[in-house]
Amino acid sequence: HGAAAAPSVTEGTTVSYKVGEGDWTTEFPTITNVGEVTVSVKAVNSNYDDATTSYTLKVTKRAITLVSADSSKFFDETPLKAEIVKISEGEFVQNEGFAYQFTGVQTSVGTSENKFTVSAKEGTLVDNYAVTLAYGTLAVNPVVTFVMNGHGEEVEKQNVALGSKAIAPAEPSETGYTFEGWFIDDAFENR
């Protein structure tokens with residue numbers, strides 16, 4: 001990215017430029033990186049009085065928003081990771097960008113941010129960018145297992161979305177036993 005301005009002048013006019021306190025030159029000034037420069041301009045034509053003016057060239061930071069992926073799965077005792085980042089706003093200049101290091105992980109039932117950090121790739125001019133990091137969500141959903149304690153037919157596990165409840169299966173029956181309901185603890189105190 002960069003900025004420049006070009007004059008429209010009468011034939012036979014020589015335009016010279018001076019950046020800051022530099023020397024006069026006929027080479028057109030540009031600015032590539034974040035910052036600003038004041039450019040003095042002088043137009044000389046033998047048929048007219050010399051004309052002078054100045055202007056400012058300014059380059060501001062390019063906004064870049066980097067977003068890590070959302071991901072979910074059902075609990076299986078293994079870590080959930082989603083090592084993907086997309087650019088949701090802006091773009092890098094050719095051959096510039098960042099490398100990503102992921103720290104987001106979710107193993108137990110619940111949610112967490114899919115956090116990551118960035119480091120500039122070689123040749124990236126970090127000061128030219130205003131970078132925002134946005135974190136996706138990692139979600140591990142519960143798997144409900146119905147423990148029969150050796151009584152009745154086994155009941156299939158249920159994958160349940162976070163915040164939802166399992167659907168109670170049919171009540172088991174076995175001669176000599178009375179079914180008192182499904183419990184969520186081994187002490188048979190909480191339903």
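Me: In which loop is Glu77 found?

Reply: This is a predicted model, in which local features need pLDDT of at least 70, side-chain atom pairs count only at pLDDT 80 or more, and totals for chains, interfaces and linings use all residues. Residues are numbered from 1 along each chain as its sequence is written, and side-chain values use heavy atoms, with hydrogens and water left out. Strands are DSSP runs (E, at least two residues), numbered from the N terminus. Glu77 lies in the loop between β5 (71–74) and β6 (85–89), and its phi is near 70°, a positive value in a residue other than glycine.

Me: Is Glu77 buried or exposed?

Reply: Buried means under 20% relative accessible area, exposed over 50%, and partly exposed in between (1.4 Å probe, protein chains only). Glu77 counts as exposed because its relative accessibility is 63%.

Me: What is the phi of Asn95?

Reply: The phi of Asn95 is near 70°, a positive value in a residue other than glycine. Asn95 belongs to the loop between β6 and β7 (98–102) and is exposed, at 68% relative accessible area.

Me: Which residues form the largest nonpolar core?

Reply: A nonpolar core is a set of buried Ala, Val, Leu, Ile, Met, Phe, Trp, Tyr and Cys residues joined through side-chain atoms within 4.5 Å. The largest has 8 residues: Val15, Tyr17, Ile31, Val39, Val41, Tyr55, Leu57 and Val59. At least two residues of this core come from each of β1 (14–19), β2 (35–44) and β3 (51–59), and β3 gives the largest share, 3 residues.

How values were computed. Helices (H or I, at least four residues) and strands (E, at least two) are DSSP runs, numbered from the N terminus.
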